[in-house]
Amino acid sequence: MKYFLLIVTFLLPISIATKLTIPVAAKPSPSVAAKVSNTNELIAAMQKKYGKSWYKTATFVQETINFQPDGTSKVETWYEAMSVPGSLRIDFTPTSAGNGILFTGGKLFVFKDGKQDSSRPVNHPLLILGFDIYRSPASEIVAQLQALKFDLSEFREDTWQGRAVYVVGAKAGDLHSPQFWIDQKNLYFVRMLRPAGRDGAQTQETQFNKYQKLGGGWMAPEVIFMVGGKVVTTEKYSEIRSDMTLDPKLFDPEFWTKVHWKQG
């Protein structure tokens, strides 16, 4: 149970177009898209590409490995279900113990022994950037990203893992300020960096890797969390499914122990 706190740390807020190229003597090709030149255009492009096709629900089994300072590690299995936008349920095994966390309605709920232990407001940046951005109004996405201290006026292009990306929030060479990276071709989230620690001196980094198609969208089955350049947690997803019918009560804290999608 205590290991989920490490992941939650990554999710909380800190301290709290170029012209379209047209071939000479030829008609414009409908397959050529206008170049993205700022954050608003990026969000609009992401929503135009996937707004009607991105899955509304997904479930998967997660292998979570937490690496300790002494070199040891602990492996846990989590069952996860999401409803896009805005809701993510994580059941820790054994599910019969009733332990887990729930993100919904802009809040984080923590459950211990089948009972709600605590709750607090939270913007989940990985939910927003990886999933909600395709199915929430652009104005809401902008407000949430601003609340997370991303400077949306800072916009540039770069490369990441050999692929062209858009970077929002930091100038070239700055790998510490709050920023997120979006793959230019497929328009999905691949990287986030933010200050970490009480004094903000360290840098925490999250990577979404090894993307695979899922329904009308994508899923990254490998997620890596780093602090100060060292890997502290890895997540690997299996049994990934999308667009199945999920009981809305799965994401209602009042029904935490009464409704399940997976037993273990």
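Visitor: Which residue in S4 stands opposite Leu 88?

Guide: Phe 103 in S4 stands opposite Leu 88. First, the ground rules. This is a predicted model, in which local features need pLDDT of at least 70 and side-chain atom pairs count only at pLDDT 80 or more, while totals for chains, interfaces and linings use all residues. Residues are numbered from 1 along each chain as its sequence is written, and side-chain values use heavy atoms, leaving out hydrogens and water.

Now the strand itself. S3 covers residues 87–92. Strands here are DSSP runs of E with at least two residues, helices are runs of H or I with at least four, and both are numbered from the N terminus. S3 is mostly covered, with six of its six residues buried. Buried means under 20% relative accessible area, exposed means over 50%, and partly exposed lies in between, using a 1.4 Å probe and protein chains only. Both faces of S3 are covered. Ser 87, Arg 89 and Asp 91 are buried on one side. Leu 88, Ile 90 and Phe 92 are buried on the other.

S3 pairs with S4 (residues 100–104) in the antiparallel sense, over four bridges. Two strands pair if DSSP finds at least two bridges between them. S3 also pairs with S2 (residues 73–83), again antiparallel, over six bridges. In that pairing, Ala 81 stands opposite Arg 89 in S3.

Look next at the turn from S2 to S3. The hairpin has three residues between the strands. Gly 86 takes a positive phi there, near 95°. Pro 85 is in this loop too. The peptide bond from Val 84 to Pro 85 is cis, with omega near 5°.

Ser 96 lies in the loop between S3 and S4. Ser 96 is exposed, at 67% relative accessible area. Follow Ser 96 across to Asp 113: they are 17 residues apart in sequence and 8.8 Å apart in space, C-alpha to C-alpha. Asp 113 sits in the loop between S5 (107–112) and S6 (115–121). Asp 113 is not a glycine, yet its phi is positive, near 55°. At 63% relative accessibility, Asp 113 counts as exposed.

Contact means heavy atoms within 4.5 Å. Ser 136 belongs to the loop between H3 (125–130) and H4. Ser 136 is buried, with a relative accessible area of 9%.

Gln 47 is in H2 and Ile 141 is in H4. H2 (residues 39–50) and H4 (residues 138–147) pack at an angle of about 130°, with axes 11 Å apart. Axes are lines fitted to C-alpha atoms, for helices over the stretch in contact, and angles run from 0 to 180 degrees between N-to-C directions. H2 and H4 are therefore oblique to each other. Under 35 degrees counts as roughly parallel, over 145 as roughly antiparallel, 65 to 115 as roughly perpendicular, and the rest as oblique. The crossing of H2 and H4 is right-handed. That term applies if the near helix is turned clockwise from the far one by less than a right angle, and left-handed applies if anticlockwise.

Who meets whom? H2 brings Asn 40, Ile 43 and Gln 47. H4 brings Ala 138, Ile 141, Val 142 and Leu 145. The residues of this contact divide into five nonpolar, two polar and no charged. Ala, Val, Leu, Ile, Met, Phe, Trp, Tyr, Cys and Pro count as nonpolar, Asp, Glu, Lys and Arg as charged, and the others, Gly among them, as polar.
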